[in-house]
Amino acid sequence: IKMIFGRRLKNDFTQGYKLVSIGTESLKGETKLDAVPVLKDGEEPIKGEEMIKRALKLGVINQYDAEDLADYLNSEEGKEASEELRGKYYPTTTVYESKSDPRDRCVACLFFDSRRWIVNLRWLGNVYGSAARLLVPCKP
């Protein structure tokens, strides 16, 4: 996937959640992304906190970038890339915690909801398995 990224935050999850960390720095300019499996070969599903550590180490996109990517994938121009990415979900490095219970932590994820690409929250207490991919900027 190759597109031009810009910084803005469309989805405000702060009604019931507090933003803990945006995570990685936002992408600038035209960037090519690679969809990398969360799991290593032969590995069992992992918990979300471990997934976040891996995502940060790899430099996976944050919520700002995922929202820009959702807009692109929902456009006519992004139709081919959209088809290629469907069937998986893509955690970012942006983490929130519940205002009522800080132990309940979530990560912003990009996924296709049967009609369009959206960014929504997924519990870090869940396991992340073979359907999860990390969107990593390719080295120039």
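Which residue forms a salt bridge with lysine 18, and how far apart are the closest N and O atoms? I began my notebook with this pair, keeping in mind that the model is predicted.

**Entry 1: lysine 18 and its partner**

I looked up lysine 18 and found that its salt bridge is with glutamate 97, where the closest N and O atoms are 3.4 Å apart. Lysine 18 belongs to strand β2 (residues 17-21) and glutamate 97 to strand β5, so that the pair links distant parts of the chain, 79 residues apart. I then checked accessibility: glutamate 97 has a relative accessible area of 14%, and because buried means under 20%, glutamate 97 counts as buried. Lysine 18, at 44%, is partly exposed.

**Entry 2: other salt bridges**

I noted that the count comes to eight salt bridges. One of them joins arginine 54 to glutamate 43, with the closest N and O atoms 2.5 Å apart. Since arginine 54 lies in helix α1 (residues 48-58) and glutamate 43 in the loop between β3 (29-37) and β4 (46-47), this pair ties together parts that are eleven residues apart in sequence. Arginine 54 is buried at 14% relative accessible area, whereas glutamate 43 is partly exposed at 26%. I also looked at glutamate 83, which forms a salt bridge with arginine 86 at 3.3 Å between the closest N and O atoms; glutamate 83 is partly exposed at 47%, and arginine 86 is partly exposed at 34%. Through shared partners, salt bridges join Glu43, Glu50 and Arg54 into one network.

**Entry 3: rings**

Phe112 in turn forms one aromatic cluster with Tyr90 and Trp117. I searched the whole structure for aromatic pairs and wrote down five. In the pair of tyrosine 90 and tryptophan 117, the ring centres are 6.1 Å apart and the planes stand at 45 degrees, so I recorded the pair as tilted. Because tyrosine 90 lies in strand β5 (residues 89-98) and tryptophan 117 in strand β7 (residues 117-123), the pair ties together parts that are 27 residues apart in sequence. Both tyrosine 90 and tryptophan 117 are buried. Elsewhere I found arginine 122 over the face of tyrosine 128, at 4.4 Å from the ring centre.

**Entry 4: helix α2**

Is helix α2 largely enclosed or open? I checked residues 63-73 and found ten of the eleven buried, so the helix is largely enclosed by the rest of the structure. The buried residues include Gln63, Tyr64 and Leu73.

Key. Residues are numbered from 1 along each chain as its sequence is written. This is a predicted model: local features need pLDDT of at least 70, side-chain atom pairs count only at pLDDT 80 or more; totals for chains, interfaces and linings use all residues. Side-chain values use heavy atoms; hydrogens and water are left out. Buried means under 20% relative accessible area, exposed over 50%, partly exposed in between (1.4 Å probe, protein chains only). Helices (H or I, at least four residues) and strands (E, at least two) are DSSP runs, numbered from the N terminus. Rings of Phe, Tyr and Trp (its six-membered ring) pair if their centres lie within 6.5 Å; planes under 30 degrees apart count as stacked, over 60 as edge-to-face and the rest as tilted. A charge sits over a ring if NZ of Lys or CZ of Arg is within 6 Å of the ring centre and within 35 degrees of the ring normal. A salt bridge is a side-chain nitrogen of Lys or Arg within 4 Å of a carboxyl oxygen of Asp or Glu.
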